[in-house]
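I opened this structure to note its fold, its core and its helix. My entries follow in the order I looked things up.

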Amino acid sequence: MLITFDGAGRRLGTFVNSGWIAVSAGTPDGRHLVLAGMSNAHRSYFLAVLDAERPTGTSPEAAGSSTECVGCPPGGPLHYYVFPRADISAQFAYPLDPPSLVLFGDGRIQVQVLETSGPAVGATIYDFGSDFDVGRVRVSDSFDEWHRRLESAGTLRHPVRECPDRQHREIRHWTPDAGWRMVRTDVR
Ligand SMILES: [Zn+2]
């Protein structure tokens, strides 16, 4: 959980995520809290945006599921994204390394989703605008190296130039008003 305190040590809010919260930061304008880590329900990475004045509630979970928080404080994020796992990631049981989170001074956010283990980690990089919409999606150079290695091993049966995950991604996006919807974004 993410517990937020004011300067006098009074608790401002408690946010419970079903999965490890690996990184968190405040936006430069002080209006939002951004956190990233694992979503246990989706076995994947997430990015959440909270209202800094009301950083309370839970991650969006299906009612009655094992990841639903029963008895948690009401409330939720303003945005909750769950990132897909690329085919090069399928050989790993679960993402063990946390995603990295960078907040820029103009409000843009960058999340680096690790798809493989190291040393040359295959990664997908998601850029968000200051309105928290998905902007550019791209992959690291080592994504292609990992793909070719898995082609040689017979694990993947298509060349990287025909890789669907190299062309577009379907990202799950949750908002309080719309619930879950899929956002399809080209990989550039
Ligand atoms: Zn592929």
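**Entry 1: overall fold.** I counted the secondary structure and got 1 helix and 13 strands. I am working from a predicted model. Reading from the N terminus, I wrote the order of elements as β-β-β-β-β-β-β-β-β-β-β-α-β-β. I then looked up the radius of gyration, which is 17 Å; the globule rule gives 16 Å for 188 residues, so the protein is as compact as a globular protein of that length. Along the principal axes, I found that the C-alpha atoms fill a box of roughly 55 × 40 × 30 Å.

**Entry 2: burial and contacts.** I looked up how much of the protein is buried, and 29% of its 188 residues count as such. I also looked at contacts between residues at least 6 apart in sequence; of these, 46% join residues at least 24 apart.

**Entry 3: the core.** Which residues touch the most other members of the largest nonpolar core? I found Phe46, Ala48 and Val113, in a core of 28 residues. I listed the elements that give two or more residues to this core: the strands E4 (32–39), E5 (44–51), E7 (79–82), E9 (109–114) and E10, together with H1. E5 gives the most, with 6 residues.

Setting aside neighbours within four places in sequence, I found Ala48 in contact with Asn17, Leu35, Ser59, Pro77, His79 and Tyr80.

**Entry 4: the helix.** I checked the length of H1, which covers residues 141–152. At 1.5 Å a residue, its 12 residues should span 16 Å, and I found the end C-alpha atoms 18 Å apart, which agrees.

Next I asked which residues of H1 are buried. They are Phe143, Trp146 and His147. Seen down the axis of H1, the buried residues fall within an arc of 100°, so they line one face of the helix.

What covers the buried residues of H1? I noted that the cover includes strand E10 (123–128) and strand E11 (134–139).

**Entry 5: after the helix.** I looked at the backbone just after H1, where Gly154 takes a positive phi of about 85°.

Definitions and conventions:
Residues numbered from 1 in each chain as written. Predicted model: local features only at pLDDT ≥ 70, side-chain atom pairs only at ≥ 80, totals over all residues. Helix = DSSP H or I, 4+ residues; strand = E, 2+ residues; numbered from the N terminus. Expected span 1.5 Å × (residues − 1). Buried ≥ 20, exposed ≤ 12 C-beta atoms within 10 Å, placed from the backbone. Arc of directions from axis to C-beta. Contact = placed C-beta atoms within 7 Å. Core = buried A, V, L, I, M, F, W, Y, C linked by C-beta atoms within 7 Å. Rg over C-alpha atoms; globule rule 2.2 N^0.38 Å.
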